[in-house]
Protein chains: 2
Amino acid sequence: MSLSTQPYKGARDFYPEDKRIQKWMFAKLRDVVESFGYQEYDAPLIESFEIYAAKTGEEIVSEQLYSFEDRGGRKVAIRPEMTPSVSRMVAARRQELTYPLRWYSIPNLWRYERPQRGRLREHWQLNVDIFGVEGLEADVEIIQITDAILKTYGAKPDSYKIRVNSLKAAGAVYKDLRLDQAQHRAVAKLLDKRVRMSETEFNSSLKEAVGQKTADDLLEYWSKEQPPENIAALLNLLEKAGVSSIVFDPEIARGMDYYTDIVFEVFDESAENNRAMFGGGRYDGLVAEFGVEPVPTVGFGMGDVTLQNFLESNSLLPKLEPETNAAVILIGDVYGAVQPILSELRQNGLNLAVDPTERKLDAKIKNAAKSGVKYAIFIGEQELANQKYKLKNLKSSEEKELSADQIVQALSGR
Amino acid sequence: MSLSTQPYKGARDFYPEDKRIQKWMFAKLRDVVESFGYQEYDAPLIESFEIYAAKTGEEIVSEQLYSFEDRGGRKVAIRPEMTPSVSRMVAARRQELTYPLRWYSIPNLWRYERPQRGRLREHWQLNVDIFGVEGLEADVEIIQITDAILKTYGAKPDSYKIRVNSLKAAGAVYKDLRLDQAQHRAVAKLLDKRVRMSETEFNSSLKEAVGQKTADDLLEYWSKEQPPENIAALLNLLEKAGVSSIVFDPEIARGMDYYTDIVFEVFDESAENNRAMFGGGRYDGLVAEFGVEPVPTVGFGMGDVTLQNFLESNSLLPKLEPETNAAVILIGDVYGAVQPILSELRQNGLNLAVDPTERKLDAKIKNAAKSGVKYAIFIGEQELANQKYKLKNLKSSEEKELSADQIVQALSGR
């Protein structure tokens, strides 16, 4: 019986045309976050199970984690998120590192989910974190970067909305309303799922969790548009930084257990896909879980699947050409003799794919055109003797006789 | 109890200074392979267990594979190598793809090994494969690329040696000597382990496997320096391509079961680390395991750990500067007012890290210098009014008053 050619469910094969899009997206992410002084790090794909059990959130750990015992009997997991890993790395060098510490990474992450639009089992996620800043400036910068990324891709300000909330302010209200811890959690969970529920469903679940009176009080609180003090100050600074697509939203809760105050989510504002794409917030306590002094931290994660969906639905993905500049078609038995000139062209920055098969010339030209490459260079004994080579544009069929230097110029613009 | 700050055994944390080295190494790999017309692909980290059981080799599957059942009861594995994944992807589009097909990837791979020099549980591996070429030109190109990569890093021709063999030619000899399949396998396994054995150990194991008479015949065959016909032709073409660090070695066997003819291994020639670093060869049968017509294929894999060891021991790793061009130190309460000028500098390609803490000026300067960044830019109300900013070289302590344009020029050379 032969093996299946399908990739594992919920994961993607990246053929070169898919990989090119990913590379294009990631290069832009790197440009923006590096312009804010962030440096790239990485951590192992496998971590001990415990670092997720601590703070990642119950749903992920009990239902979505890829965890297993290794051959040495250690309980391990494939990372479902990067935050515990980066907190561990900062804790390991708590004393030596320089703060503010600005780090980013683009790891692949795994969650056992039912595959659907925007959710796969394997995805990549930009993680951006600033460590060591207690003040609002860190929250401002992280939100500013999210905004700068979307603008870099050409997203219009009305195509997305950044919704911010203060968990501390919300917590104070919940305390006034005498919610116990279990009720507090139930409310946060309901808020996180609200977009996927009808209003009736949400209201009756809320009543069930906290009783009619408190439910009414909560609904009234959430309908307020007046932001608490820290959010007002945040919005003021972000306005100065040119971030306009932003509002206060007292219902933003986030799924993870480690957030401590300001949180935000970026929503796709298109009618057909109005939902949270990514988000983040302040988590001042996670590094300390590794037995060191706490480090104030703000960060966010941005997944490649939701990002790509957003760019596609807003027509912001360009058509990308293959990296290969030209197919080289040999005329006669010149494979050995042609090596020096190929080497020269490559050292001048050209990417050249030689067709060494024994097919007929016509078949080779057709084949080169089918491969998507734009030019073909023909080299035979005569060309080698004259040091002039035929360059053919496979789209327009235009042909020129050129020297090596001229070919480099024509193909790379140098 | 607090969590451990250690990474999983045999895996590495990449702090920014480590990640920079990896990115530098990988950028060079991409440059070289793309210059030969190869395009990048990727595949999921998790594959079905079966694709490794087929041809990867018994030691890896039974002792080193990270395999487990997912939450849906599927038997899966974290990839220990990329070749089965890429063969699966080619098989899935066997008809639509254009040949010669040139693909590369730099996946992270997992094997449960006892961590030691050059061997870790998680490593990255450049995989380069050419599909659809039956002739020797494909073998030539793959070996040529290995050589071009090492030369690109500045490796001297006498610092490494490429050892090539023909499994077909060796197979014919073994057949003449009437080795059965079990003996053939035992001999291949012994050859693969030979560098880690003493001569006496090797000879007695060989005698045990095939008897004294055949052992003597094999030892005589391996001492021959006359290459078989296809290797002679290969060496001739490689010489024309400028590859000089290459020899015929009838003992090269490779560990995987899927190789079908020419194989090669690249040895570190330094006295203290004389061993195989990486290798590859022709495997014409693997794509057909997925139920399609066979595709002739040649490829190689180059691991990042052995590569980095080689570059380090040959002093070929440069000192790399942080990506951040300057620390921005604010004077007074100008966080909001400074945003437009920061945005302008960033859009001109500068990477700037703002210190938004309330530390004293001296502390901020010390901190910036400690972070490794080369320059500091000072901005206060006066600087904003004059549109001139103080740029300080933190190493030489030289200071200049410059406009935004001049700062861009000074820091990026534009």
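Hello everyone, this is a short walk through the structure shown above, from the pairing of its chains down to a few single residues. Please keep in mind that this is a predicted model.

Let's begin with the two chains. If you turn chain B by 180° and shift it 0.0 Å along the axis, it can be laid on chain A with an RMSD of 0.1 Å. The two copies are thus related as by a two-fold rotation axis. And which C-alpha of chain B is nearest that axis? It belongs to F68(B), and the distance is 3.4 Å.

Next, the place where the copies touch.

Two packed helices are described by the angle between their axes and the distance between the axes. Here the pair is α7, residues 181-193, and α8, residues 199-210, both of chain B; the angle is about 170° and the axes are 9 Å apart. Are they roughly parallel or antiparallel? An angle over 145 degrees counts as roughly antiparallel, and that is how α7(B) runs relative to α8(B). Which residues make the contact? From α7(B) come Q183(B), A186(B), V187(B) and L190(B), and they meet F202(B), S205(B), L206(B), A209(B) and V210(B) of α8(B). By type, the residues of this contact of α7(B) with α8(B) are seven nonpolar, two polar and no charged.

Over to chain A, and a sheet. This one is open, with five strands in the order β14-β13-β15-β16-β17 (chain A) and mixed pairing. At its edges sit β14 (352-355) and β17 (399-402) of chain A, each of which pairs on one side only. From one strand to the next, the twist averages 25°. If you look at β13 of chain A, residues 326-330, you will see that this strand pairs with β14(A) in the parallel sense, over four bridges. As one example of bridge partners, I329(A) goes with D355(A) in β14(A). A helix also belongs in this picture: α13 of chain A, residues 361-370, lies across β13, β14 and β15 (375-379) of chain A, and runs at about 170° to β13(A).

Let me finish with some backbone details. In chain A, Y99(A) and P100(A) are joined by a cis peptide bond, with omega about 0°. You can find P100(A) in the loop between α4 (83-92) and β5 (101-105) of chain A. Chain B has a cis peptide bond between Y99(B) and P100(B), with omega about 0°, and P100(B) is in the loop between α4 (83-92) and β5 (101-105) of chain B.

Then there are positive phi values in residues other than glycine. Q387(A) has phi near 55°, and its loop lies between α14 (381-386) and β16 (389-393) of chain A. Is Q387(A) buried or exposed? Since 12 or fewer other C-beta atoms within 10 Å counts as exposed, Q387(A), with 10, is exposed. In chain B, S315(B) also has phi near 55°; this residue sits in the loop between α11 (304-313) and β13 (326-330) of chain B. With 8 other C-beta atoms within 10 Å, S315(B) is exposed.

Notes
Residues are numbered from 1 along each chain as its sequence is written. Chains are lettered from A and ligands numbered from 1 in the order in which they are written. This is a predicted model: local features need pLDDT of at least 70, side-chain atom pairs count only at pLDDT 80 or more; totals for chains, interfaces and linings use all residues. Copies are superposed by least squares on the C-alpha atoms of residues with pLDDT of at least 70 in both. Axes are lines fitted to C-alpha atoms, for helices over the stretch in contact, and angles run from 0 to 180 degrees between N-to-C directions. Helices (H or I, at least four residues) and strands (E, at least two) are DSSP runs, numbered from the N terminus. Angles under 35 degrees count as roughly parallel, over 145 as roughly antiparallel, 65 to 115 as roughly perpendicular and the rest as oblique. Two residues are in contact if their C-beta atoms, placed from the backbone, lie within 7 Å. Ala, Val, Leu, Ile, Met, Phe, Trp, Tyr, Cys and Pro count as nonpolar, Asp, Glu, Lys and Arg as charged, and the others, Gly among them, as polar. Two strands pair if DSSP finds at least two bridges between them. A residue is buried if 20 or more other C-beta atoms lie within 10 Å of its own, exposed if 12 or fewer, and partly exposed in between; C-beta atoms are placed from the backbone.
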